[in-house]
Amino acid sequence: MLSRSLQRAAVAGVAALLALGTLTACSDSPADTSGRFSVVTGFYPLQFVSEKVGGPDVHVVNLAQPGAEPHDMELSPAQVAQVANAGLVIYLKGFQPQLDEAVAQNAADRAFDVATVTPLVSGANHEGANEEGGSAPDPHVWLDPTRLAAIAGTVSHQLAERDPAHAAAYAERGNALVAELNKLDAEFTAGLADCRRHEIVTSHAAFGYLADRYKLKQIALSGLTPDTEPTPQQVAAVAAEARKYGATTIFFETLVSPKVAQTLAEQVGAKTAVLDPLEGLAEGGTGDYFSVMRTNLATLRTALGCS
């Protein structure tokens, strides 16, 4: 795999070719061949929102492939071309460094950073580190349905501004999605209101916003990046916390190995279960944001002993 510096140099090189007009783009305008408005998204939750709000009036390209972990996505030249020719790029600045660079080089005037709507936070439920070892804000805002609702409302406005011919339809679908997300939030609030436990032991610190919203405490084996291996000391500390709170379940996720979570579960006499951070859908999987989140709710209710 290329080093970070070489990856960034490759993206910059592709951007330079685009600026010179020597790289053929897949489209010369913000519309695809059917006349639909062109939207490029960085990863699944943003694709989901764009498709729900845009409906038949947009063509959405998701740069992260199903089954792939999106944090360290490497863009191909063709994907950089898609960014350069999109009518709107919807991304989360800081989550996918190569996309950040492609946007800065090619689409700064046609990009929407969702963190400008719902700022990223740090704190007790959001502990993590960046590549240099310093503190980093938690990017997983979509796991709080109310924050995703705020993003959906702004996506509706962004599309209407750039494609005014369909502004009324974007507003209608945006309002419908916000209502659905508020309904999901109400389901989580009611479903997690009366539980014997409130601590969730997770393989990585993806669930801070969900924990904040529903008054839970996240205890994470590793930080904000899922492929970071915890040290033996971290595993021992989390095991002690799990025993302290009587955790019956250690949660792992769909796109990374469950081995560390399984090892911890064996140490504390717990079982394992999937709690999906929804960074992407599993390859060949079915369902969407709503069905996965409702599965997460059912899993949490079982693990936490909710009535």
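Guide: V40 stands opposite V89 in β3. The model is predicted: local features need pLDDT of at least 70, side-chain atom pairs count only at pLDDT 80 or more, and totals for chains, interfaces and linings use all residues. Residues are numbered from 1 along each chain as its sequence is written, and side-chain values use heavy atoms, without hydrogens and water.

Visitor: How many bridges join β1 to β3?

Guide: 3 bridges join β1 (residues 37-41) and β3 (residues 88-91), which run parallel. Strands here are DSSP runs of E, at least two residues, and helices are runs of H or I, at least four, numbered from the N terminus.

Visitor: What's the strand order in the open sheet?

Guide: The order is β2-β1-β3-β4, with parallel pairing. Two strands pair if DSSP finds at least two bridges between them. β2 (58-62) and β4 (111-113) are the edge strands, each pairing on one side only.

Visitor: Switching to α8. Which of its residues are buried?

Guide: V235, V238, A239 and A242. Buried means under 20% relative accessible area, exposed over 50%, partly exposed in between (1.4 Å probe, protein chains only).

Visitor: Why are they on the same side of α8?

Guide: Because they cover an arc of only 105 degrees around the axis. The arc is taken from the directions from the helix axis to the C-beta atoms.

Visitor: And which exposed residues does the face turned away carry?

Guide: Q233 and K244.

Visitor: What comes just after α8?

Guide: G246, with a positive phi of about 65 degrees.
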